[in-house]
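This report walks through selected local features of the structure shown below, moving from strand pairing to helix packing, the ligand shell, aromatic contacts and backbone geometry.

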Amino acid sequence: MRFAKPGVYFWQGSEACAEAALVAGCRFFAGYPITPATDIAEHLAKRLPQVGGIAIQMEDEIASIGAVIGASWAGAKAMTTTSGPGFSLMQEGIGYAFMTETPCVIVDVQRVGPSTGQATKCAQGDVMQSRWGTHGDYSAIVLSPNSVQEMFNLTTRAFNLAEKYRTPVILLSDEVVVHMREKVVVPPVEKLEILNRRKPKPGEKAFFGHEEVPPMPSVGEGFNVAVTGSTHDEFGIRYTADPVVHRRLVERLNGKIQNHVDEIAEVEAYNIENCKIGVVAYGCSSRAVYDAVDEAEARGISVGYVRLKTIWPFPEKVVRGLAETAEKIIVPEMNLRQIFYEVARAVGGEAKVIPINKIGGGELITPEELLNKILEEV
Amino acid sequence: MSEMFSVKKYLRDLKLPFCPGCGAFTVMNAFLRAVHELGYGNLEKFVFCSGIGCSSWIPSPYFLADSIHTLHGRSIPVATGVKLMRPDLNVVVFGGDGDIVGIGLSHFIHAARRNLDVLVIMVNNMVYGMTGGQVAPTTPFKAKTTTTPYGSFEHPLDAVKLAVAAGANYAVRWTTAHPNELKEAIKKALGLKGFRFIEAVSQCPTAFGRRVGFKTAGEMVKWFRENSITLEEAVRLSEEDLKTKIVVGEFVHRQRPTLIETIYAIVKEAQEGG
Ligand code: SF4
């Protein structure tokens, strides 16, 4: 069997992620075991060789992201999977990938932290780490699935965005979404949009500038490409003294993401034009939204929601738009307020922003809890 | 080899960053001479990975070739990804002792264990040169550095022996006082498979030499020459006497199955079965 045949499957989130990666063209995986991300690695270890790809367990997370970067420069679509503590170890490499414009996908399956915390339990504590984990000024693309189907869809999207913008993309999942089993519809491969990095033409040389997203050669193609994490000019040559060269480079790297927020930042929006109460939710805790909203509507309360399928870059406009009608916006999160402040910032005082936070033990925010908050606030 | 050797055809037109008298020049020269003598007219079939430190600048961006100048200590993992996806390319890692066996030590051991098909050339100047002369894992016992002003209280690491113990297919040590042996070792290593390790003991006149009493780079090279002892001779010396010597020569040359052979056999099997 090469790829999952089109059809309906009953998959775990981990399987959906791994199978989607194969369909998206991933041919290299390097990772280090960590709960609850290991299932994805195990699935890829079995499946990648079947499609001619390579999966390797490295000595640690630092080596894993390094190998992914090397594989990407060798022309492969490459990914790694990890969870909070391993994600922390990868941050230096993620910054390197950003600076060198190396497309790759990092799946962070969140668990309860800080530190080893509760390694087998679900949480959403890495939201800010996924945005600001590495040092310096950079912009991350971070996607947040809330179902097994979305694990499939957003994994392929993560590869597409990585290739299109030549940047690392983080799929910020969580223990619940990765471990639960749900129906997944796999469309025929021809129906899926699969993007590949733009390759340079013979004689081209500026792989780190001139264009917003420059073409990317692979090693061994005769381009003599110099890749460095140090500040470099458009030809990849180190240039560490000149402020202008650094500004030009880093502003472009940030700009190529921030100038395309509308295209990158995908949301699911419901009834945002007339609602009295708004909800902004993402990932596993957003699963409570549907039932809570139905219940609220049954009681005659108009609730609308924005579900962030992309957390970063933050879909600011849509969230601000919600505040045009909603007087109050509730933000349920399995952390102690990570997106809450971002929503408050986007809303700029136009609506009252109300957090619901729950951490520890992997306990999800239930529809009842969300409904009660909605009822409290009307 | 009829064509005259000139480093120029392998280099970008940039000014080299090394201090006058630095051993990195010797290692660079030995490498480029080796590829020239092997008949490579250019470096197209090579990919260079390096980390952070003076010797990581040997290939990047100076070699007219594909080079990936990675994070400190992470050149071997990056080389792993490159080689696994492009087994047809010669992947060569350059780095210093701090980069390869300080921060990057575990990658070094695991790559040797896996018998990853890369050549690692470690320029051992016994100090952190680029950051100004701090103690390194290879600093001799009692040597003064900026972070060991009273003398190093740690014992140095023998990277070649470690490579042998971890499973490298080829491991040698020479010094910058042995440019010809170094070049020959590089030539030999480029023709082999699996994990190949070359340690080049090198002078850092700027951040180490002068602090331990050498007035010039030349004095240090002379010291290397006088204190080097071949493996064959070394067997006659006691461990105590060997402490002040640099043991040079070929420590291992064997043919364990390599990572590329093993992993691609599995991929082939899985594809046929799948
Ligand atoms: S600091 Fe030492 S190792 Fe670095 S270039 Fe100067 S002499 Fe060479």
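In this predicted model, strand 1 (residues 46-50) of chain B pairs with strand 2 of chain B in the parallel sense, over 4 bridges, and within this pairing B:Cys49 has B:Ile68 as its bridge partner. Strand 2 (residues 66-69) of chain B directs B:Asp66 and B:Ile68 one way and B:Ser67 and B:His69 the other way, with all of them buried.

In helix 4 (residues 105-114) of chain B, the buried residues are B:His107, B:Phe108, B:Ala111, B:Ala112 and B:Arg114. Because these residues cover an arc of only 165° around the axis, they lie on the same side of helix 4 of chain B. Just after this helix, B:Asn115 takes a positive phi of about 60°.

In helix 8 (residues 217-227) of chain B, the buried residues include B:Ala217, B:Met220, B:Val221, B:Phe224 and B:Asn227. Their arc around the axis is only 140°, which puts them on the same side of helix 8 of chain B, while B:Arg225 and B:Glu226 are exposed on the other side. The buried residues of helix 8 pack against strand 5 (170-175), strand 6 (196-201), helix 7 (205-209), strand 7 (228-230) and strand 8 (246-253) of chain B.

Which residues surround the ligand? They are B:Phe18, B:Cys19, B:Cys22, B:Cys54, B:Asn125, B:Gly129, B:Cys204, B:Pro205 and B:Thr206. By class, this shell holds 6 nonpolar and 3 polar residues, with no charged residues. B:Pro20, in the segment before helix 1 (23-37) of chain B, counts as exposed because its relative accessibility is 73%. The C-alpha atoms of B:Pro20 and B:Ala143 are separated by 23 Å, the two residues being 123 residues apart along the chain.

Over all chains, a search of the whole structure finds 24 aromatic pairs. A:Phe98 and A:Tyr138 form one that is edge-to-face, at 5.5 Å centre to centre and with 70° between the planes. This pair links distant parts of the chain, with A:Phe98 in helix 4 (residues 84-100) of chain A and A:Tyr138 in the loop between helix 5 (127-132) and strand 7 (141-143) of chain A, 40 residues apart. A:Phe98 counts as buried at 4% relative accessibility, and A:Tyr138 is buried with a relative accessible area of 3%. In chain B, one aromatic cluster is formed by B:Phe31, B:Tyr40, B:Phe46, B:Phe48, B:Phe63 and B:Phe94.

Most residues other than glycine have a negative phi, and most peptide bonds are trans.

| Site | Backbone value |
|---|---|
| A:Thr35 to A:Pro36 | cis, omega near 0° |
| A:Trp312 to A:Pro313 | cis, omega about -5° |
| A:Glu101 | positive phi, near 55° |
| A:Arg166 | positive phi, near 50° |

A:Pro36 is in the loop between strand 2 (26-31) and helix 2 (38-50) of chain A, and A:Pro313 is in the loop between strand 14 (310-312) and helix 11 (316-325) of chain A. A:Glu101 sits in the loop between helix 4 and strand 5 (104-112) of chain A and counts as buried at 0% relative accessibility. A:Arg166, in the loop between helix 6 (148-165) and strand 8 (168-174) of chain A, counts as buried at 1% relative accessibility.

Key: Residues are numbered from 1 along each chain as its sequence is written. Chains are lettered from A and ligands numbered from 1 in the order in which they are written. This is a predicted model: local features need pLDDT of at least 70, side-chain atom pairs count only at pLDDT 80 or more; totals for chains, interfaces and linings use all residues. Side-chain values use heavy atoms; hydrogens and water are left out. Buried means under 20% relative accessible area, exposed over 50%, partly exposed in between (1.4 Å probe, protein chains only). Helices (H or I, at least four residues) and strands (E, at least two) are DSSP runs, numbered from the N terminus. The arc is that of the directions from the helix axis to the C-beta atoms. A residue is near a molecule or strand if one of its heavy atoms lies within 4 Å of it. Ala, Val, Leu, Ile, Met, Phe, Trp, Tyr, Cys and Pro count as nonpolar, Asp, Glu, Lys and Arg as charged, and the others, Gly among them, as polar. Two strands pair if DSSP finds at least two bridges between them. Contact means heavy atoms within 4.5 Å. Rings of Phe, Tyr and Trp (its six-membered ring) pair if their centres lie within 6.5 Å; planes under 30 degrees apart count as stacked, over 60 as edge-to-face and the rest as tilted.
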